[in-house]
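Subject: The structure for you to look through

Hello! Here is the structure I promised to hand over.

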Amino acid sequence: MTEDFPITGIVSVDLVSTDLDRHADFFRDVWGLTPVDHASGARFFRGTGSDAYVLALLPGTSPGLAAVTFRCASEAAMQAVVTRATEYGCTVSDGPAASARPGGGQMIDLREPNGCLIRLVHGDAPRPADPVARDRTERLSHVNINSRDVDALAQFYERVLGFRLTDRSAAMAFLRCNSDHHAVVLAQAEVEGLNHVAFMLPELEGVMLASGRMRDHGHDMGWGVGRHGPGNNVFAYFVDPEGYVVEHTADVLQVDDGYRVGRPQDWTWPPGRTDQWGIAAPKTDACKAAQTAVGFV
Ligand SMILES: [Fe+2]
């Protein structure tokens, strides 16, 4: 079944780096992304899939989420989203304008009500995908955004961006824009900002291997390995050298409109358990703190 979403996928995130060289070395040598040659002050990285890039690192003085980029289904779909965003009261940049980033295409920026910059792209050129490597990121999986009012922000994603709610747990709303159970998760918090960014690996074995590579380089796991409830994906969370929480994930549930939207009472755990297997070690204090430490720029 082909579903009619104006936005068809999450493409990339822009993160601010206080030490660009060190941060770039981490994502290349440890996290497992591939640098993209590009004449710019930013550093771009791709996975093995067809997206021109999945991560941009921008120089700056303090960490912050600078943008989340989504791909639109068509020029008309992009314009429809922009019109709805304007009506919703969002600030929208001039454009669409030609993107000078890897992949090119047309892009336009809008600021969602809580302050996160959302970049829409259409017509960016896919790159030839590499052979699948089980311990390497294929593409971005999702962003998890902190919000003081999850339901209000979920309403924005549904009404303006055309996402659909797949599950609502006590603390989180899960939203999709294609068959992945979620591309965006909104987490109830005392602050607005970035909770974490998740990178899609081909399989559970890859999550384990990539996690071992992290440990080899001195990065202990912040939470996991486990299997989430909503979305059924396997996960391993880490805190990167700049303080961002990054997740290796795989096995994200594929859904369509026949999926029954879950409610908080559908997603409860027995005492002491935080994942389906019951093996994930408790989240570290450092990981918990990092999940609410990064704001928007
Ligand atoms: Fe996640």
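Cysteine 72 is buried, because 30 other C-beta atoms lie within 10 Å; a residue counts as buried with 20 or more other C-beta atoms within 10 Å of its own, as exposed with 12 or fewer, and as partly exposed in between, with C-beta atoms placed from the backbone. Please keep in mind that this is a predicted model: local features need pLDDT of at least 70, side-chain atom pairs count only at pLDDT 80 or more, and totals for chains, interfaces and linings use all residues. Residues are numbered from 1 along each chain as its sequence is written.

Cysteine 72 sits in strand 5. Helices (H or I, at least four residues) and strands (E, at least two) are DSSP runs, numbered from the N terminus. Which residues does cysteine 72 contact, leaving aside its neighbours within four places in sequence? They are Pro6, Ile7, Ala77, Met78, Val81, Leu120, Val121 and His122, where contact means that two C-beta atoms, placed from the backbone, lie within 7 Å. Cysteine 72 and threonine 8 are 64 residues apart in sequence, yet their C-alpha atoms are 5.7 Å apart in space.

Threonine 137 is another residue to look up. You will find it in the loop between strand 9 and strand 10. Threonine 137 is buried, because 28 other C-beta atoms lie within 10 Å. Its C-alpha atom is separated by 5.0 Å from that of glycine 47, 90 residues apart along the chain. Not counting residues up to four places away in sequence, threonine 137 touches Gly32, Leu33, Gly47, Val54, Phe199, Met200 and Leu201.

Now for the chain as a whole. It has five helices and 17 strands. Buried residues make up 46% of its 297 residues. A compact globule with 297 residues would have a radius of gyration near 19 Å, and the chain has 18 Å, which agrees; this radius is taken over C-alpha atoms, and the globule rule is 2.2 Å times the number of residues to the power 0.38. Along its principal axes, the C-alpha trace spans about 50 × 45 × 40 Å. Among contacts between residues at least 6 apart in sequence, 68% join residues at least 24 apart.

Met78, Val81, Val82 and Ala85 are buried in helix 2. Why do they line one face of the helix? Seen down the axis, the buried residues fall within an arc of 100°, so they line one face; the arc is that of the directions from the helix axis to the C-beta atoms. Ala76, Thr83 and Glu87 are exposed on the other side of helix 2. The buried residues of helix 2 pack against several strands, including strand 1 (7-17) and strand 5 (65-72). Just after helix 2, glycine 89 has a positive phi of about 100°.

The chain is divided into domain 1 (7-122) and domain 2 (139-290), with bounds from an automatic or database domain assignment. Their centres, taken over C-alpha atoms, are 20 Å apart. The contact takes 33 residues from domain 1 and 30 residues from domain 2. On the side of domain 1 that touches domain 2, the largest share, nine residues, comes from strand 1.

Last, some backbone details to find. The peptide bond from glycine 95 to proline 96 is cis, with omega near 5°. Glycine 224 and valine 225 are also joined by a cis peptide bond, with omega about -10°. Asparagine 232 is not a glycine, but has a positive phi of about 60°. Asparagine 232 counts as partly exposed, because it has 14 C-beta neighbours inside 10 Å.

Happy exploring!
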